[in-house]
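Hi,

Here is the structure I promised to pass on. Have a look at it first, and then read my notes below.

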Amino acid sequence: MSGMILAYPSKGRLKPHADELFAKCGLKITSEGSERSYQRSIAGMPDVQILLVEAVAVPGLLARGEAHAGITGVDLVAEHLPDRDHVLETPLPLAFGAARIALAVPQCWIDVADLADLDETAFQYRRTRGRRMRIATGFRRLARQFLVERCAAEFEIVPSRGPTEAAPLAGLAEAVVDIVSSGQTLAANALKPIEGGEILKSEACLYVSRTAEWSESIRNALDRLRSQLEETVAEMPLDSHSP
Amino acid sequence: MTSRADSAIEARDRMRDRVMSTLADGDCERVQPSLLQPADDILSHYGEEIRARACVLSDAHGGELFLVPDYTVPVCRMHLDRGGGAGRYVYAGPVFRLPSPGQGEVPIEEEQAGIEVYGEAKDSKAEALVLRRTLDALNAASDAKAEISVGDAGLGAAVLDTVSMPGQRRERLRRRMGQPARFHELMQRFVGVQTVELPPDREHLLERFATCEEPGELASAILEERGIPHLGQRTVEDIGARLATLAAERYEPPLDVEDASRIGAILALRKPYPLALDWLKAQDEASSPEVAGVTETLERRAEAFAEVGIDPAEMMLDARFVGELGYYDGFVFSIRVDGVQVAGGGRYDGLPRALGGDCTAVGAAIWTGRLAARVEDGELP
């Protein structure tokens, strides 16, 4: 591929909103060739190639310079690129995908309302059962750092395979650290957030790689795309910041 | 022709070798535990200060490893794996920790040398031996004056025992013994000076549990009331029991202000050892069996020091000092040179027990890197 490579979410919660934003900008995404291919382009922007990838893959692609720019969440960058500023430029928030990474515990833990409760409960759990309380999460690094900094008790971080919120019910963990927006998914799985349990606020952003190979024309292509997005985002009312 | 850098490295090696041979004094085995240890096994035995700054890595199977922040736990594990009992070891090697806030981004690596003595009689002789050898080893590295500070983890616990209070309260204060600010905060809360305001629904919940005979049943009934399904390993008994304890604490009469200030006064004790002992013996609390027990231990320890040529008048006794590593449960000491901590150690009989063994344990570590750097820079003689 020549020209600027933009990593774009192929599925998941960010995709429909990214599609909507691009449509609002008047940017039409077309496929050249088979629908099954992961390459796309933008009508009227021949210098930009779109690579459809999972949002979780975007930070790695940008860090390795395999894409010039990409759309993904603050949460995924924080988890997978702790030294973000070395490899990424300042991101452009895109006014969608607002969510937070937070601790959630079973609703039936009526004695646990805040982080201090969880800390004490985990401490006693370890003492009576001889093993650590398990926290299932896809955000292993962020969860570990948060818990180590804020809690005296030791937890076991369990990588979640499949939906994180199902882990306690399935007996794979006692609590979770998960991405929460409306809280409906948590409630549907008989979980609840706790006071002081918010780890990070997230939203979707356009990230730009420092390590990719840039040329003047590729830079120009980025600037054109960027200013289109920036203009449209600025015009959107604040409460259209949809979860 | 050796470069200046070579001779700096050689000088450090020689200092480390002098320190090691002084510590070993012909009767210790040199060991070299792995720098990488499994987190599950070893890391949990350190206190939260160390755990929070441990350099943790993942292995290929999703398990966790960490770089040693200190050698005592790995050496203890090694000793137990060999059968436990009596044994004397020395070691030297790097230790690793993440920087504290404000120390920058780069993990910190320092050189340490140390001695561990297992399976000797549980009296002050082994403690005096370890302290003596540590002082001698420091002398072999630098002529600077050593400032010795000692404590005993049993003193704070004994003082708390002189005041009647719910077990939970005592336990929480004990956990915070080494952190003066948090200890004080807890004391204030228990005295009632800082009454915590609870959200109304929490207050109502606790009220229900204060007068309840069967907390597990009540918890179960509340879940049914609220249409909340029970899930997970924590039982309704666990949940109810905790609420009953919290209720008891909340509605328990506050800690007596007099008691609190007497505890505070004793824990503020920091004097040269003989003066500290005299002061302690003069306190009312000294008549309680727990404190009397500790003062006797402190006296016998002073005698044991004197027997190996350490003058107790040359060291400070600090009632708050319990050691930051989390496994010390008796005698603990720290040595500073020119204001910088260069050695620390103590008794940690609880650690072999926690690792599944059963033997006494006393040890110390010296930060040879810190010492060497200052000697090289000419800051220390």
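Let me start with the rings: those of Phe, Tyr and Trp (its six-membered ring) count as a pair if their centres lie within 6.5 Å, and the pair is called stacked with planes under 30 degrees apart, edge-to-face over 60 and tilted for the rest. Ring pairs of this kind tie Tyr46(B), Tyr89(B), Tyr118(B), Tyr327(B), Tyr328(B) and Tyr348(B) into a cluster.

Before you go further, some housekeeping. This is a predicted model, where local features need pLDDT of at least 70 and side-chain atom pairs count only at pLDDT 80 or more, while totals for chains, interfaces and linings use all residues. Residues are numbered from 1 along each chain as its sequence is written, chains are lettered from A and ligands numbered from 1 in the order in which they are written, and side-chain values use heavy atoms, with hydrogens and water left out.

Back to the rings. Over all chains there are 11 aromatic pairs. One of them is Tyr71(B) with Tyr91(B), a tilted pair at 5.0 Å centre to centre and 40° between the planes. These two are 20 residues apart and link distant parts of the chain: Tyr71(B) is in the loop between β4 (64–67) and α4 (72–81) of chain B, and Tyr91(B) is in strand β5 (residues 87–97) of chain B. (Helices, H or I with at least four residues, and strands, E with at least two, are DSSP runs numbered from the N terminus.) Both Tyr71(B) and Tyr91(B) are buried, meaning under 20% relative accessible area; exposed is over 50% and partly exposed lies in between (1.4 Å probe, protein chains only).

Charges over rings turn up too, counted if NZ of Lys or CZ of Arg is within 6 Å of the ring centre and within 35 degrees of the ring normal. Arg234(B) has its charged end over the ring of Trp109(A), 5.0 Å from the centre. For Arg370(B) the ring is that of Trp367(B), at 4.3 Å.

Now the strands, which pair if DSSP finds at least two bridges between them. In chain B, six of the seven residues of β10 (residues 331–337) are buried. β10(B) pairs antiparallel with β7(B) (residues 146–152) over seven bridges, where Ser149(B) partners Ser334(B). Six bridges join β10(B) to β11(B) (residues 340–347), also antiparallel, with Ile335(B) opposite Ala343(B).

In chain A, β7 (residues 99–106) has seven of its eight residues buried. Seven bridges join β7(A) to the antiparallel β11(A) (residues 191–202), and Pro106(A) stands opposite Leu191(A) there.

Cheers
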